Amino acid sequence: MSSTALLVLVFGLGGVAWFFGRIKASGFVTGGTRGEVHSLPSYHGWYVALWAAIPAAVFLLVWNIVSPALITDAALTSPTAQQLPTDSFTRGSILAEARSIASGNQEKAFNPLSQAMVEPYRTAITYYQTLGMAAAILLVFACGAFAWLKVKPNLRARTKVERVTMIALLLASLIAIITTIGIFISLIFESARFFSMVSPIDFLFGTEWNPKAVAGPRGETGFGAIPLFWGTVFIGAIIAMLVAIPLGLMSAIYLTQYAPAQFRAWMKPILEVLAGIPTVVYGYFAALTVAPALRDLAVSIGISSASSESALAAGVVMGIMIIPFVSSMADDSIAAVPSAMRDGSLAMGATKSETIKKVLIPAALPGVVGGVLLAVSRAIGETMIVVMAAGLAANMTANPFSSVTTVTTQIVKLLTGDQEFDSPKTLAAFALGLVLFIVTLLLNLIALRVVKKYREAYE
């Protein structure tokens, strides 16, 4: 039986334990001890079910980690294993192939020694799977019986179940924190290796980006990242925001304050569909439709140096893509402003537009700022649109019709294909990622300060 099927069996037996625990607790109520029962019968059922399922599930998790080594050790005790070569790489590949065949993931072996090791592996796998299944089922019944015997009228089952639920929620919330810490530590470690080869000053303030596999004596290898930072800001934080913020905010104001209810009911979902379109589709649209149109427009007004890959094309399409982020957050924030504030402004003689400008928007500013920061983060992390519409040239130019590139695009370029992870050219991707991580963190801190300031003013 596979690990997944065994886990399903364990939780199924946990459901049976819930049923028997609830039946026993229901007997307390019908037996005339209603006033003495601390928790509802369903909580007693969950108490028994958690005792039956959780220890067995933890055991299976540990068993899946430990059993592969036990299976390999058992297979190596067979006489056939004495014929294996002493070279660790060859020996490992033979054992991996034999295990894959014994597990049913591969049909035949390419090495005769692998075929000879299939039967010892199959015997060991069957033995340890049976042992694990028997131990898990025994654990379910033992722990379930222990919990069932503890079910009494005065058992604080609700408190214990809610405590387990709280621990589960805490662990779920810690996953995001632990993941973020792990990402940050990995970036720090790899970036330290990069900065041991290339000067941080040259990287952060250099104006030439032309990475090479071997660093020079002082790091003068074209690792100046200023053109990448400028391209990221130019496309994601300037051009895209000039498109997304006005259109997103105005659409939110119209839908919440002016649009009829029927029009809003079908217009808002249509607007939010933009957020679900794959970015590669936006990239095709930018490269095949918007970029040529902007190039022809530039040529028609006398800009002969206009490129078919331009920052303006990528920024405009990126701005269209992130309109739903700004609009949705602003819409929810404006709609959440107490109606008493709007009604009070109108009662004082202010017009609807004055009320929106001087009352609703300032009161909803925390949500609007959150939407803008979300949009900026989304734009900074975008890659496909930039690759397909803006190009890969690291140029420092304010001309929106020129080709530029961004940090994320260069990270993809540096890590694509067969790369050596001990060269500064590859490690530069981690240094770029670290800078991007720190900049995003600072933006979030600034947003929190702004939100806190206005929340205190309008609460």
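1. T406 touches L228, G231, T232, I235, E382 and V386, not counting residues up to four places away in sequence; contact means heavy atoms within 4.5 Å. T406 sits in the loop between helix 16 (384-390) and helix 17 (407-415). Helices here are DSSP runs of H or I, at least four residues, numbered from the N terminus.

2. The model is predicted: local features need pLDDT of at least 70 and side-chain atom pairs count only at pLDDT 80 or more, while totals for chains, interfaces and linings use all residues. Residues are numbered from 1 along each chain as its sequence is written, and side-chain values use heavy atoms, with hydrogens and water left out.

3. Is T406 buried or exposed? T406 is buried, because its relative accessible area is 3% (buried is under 20%, exposed over 50%, partly exposed in between; 1.4 Å probe, protein chains only). The side chains of T406 and T409 are joined by a polar contact of 2.9 Å. A polar contact is a pair of N or O atoms within 3.5 Å; within protein, one must be able to donate a hydrogen and the other to accept it, and residues adjacent in sequence count only if both atoms are side-chain atoms.

4. Q410 lies in helix 17 and is buried, with a relative accessible area of 2%. Its side chain makes polar contacts with the side chains of W209 (2.9 Å) and T405 (3.4 Å). Among the residues that Q410 touches are L228, L392 and L432.

5. An automatic or database assignment divides the protein chain into domain 1 (3-154) and domain 2 (226-457). Their C-alpha centres lie 49 Å apart.

Key
Helix = DSSP H or I, 4+ residues; strand = E, 2+ residues; numbered from the N terminus.
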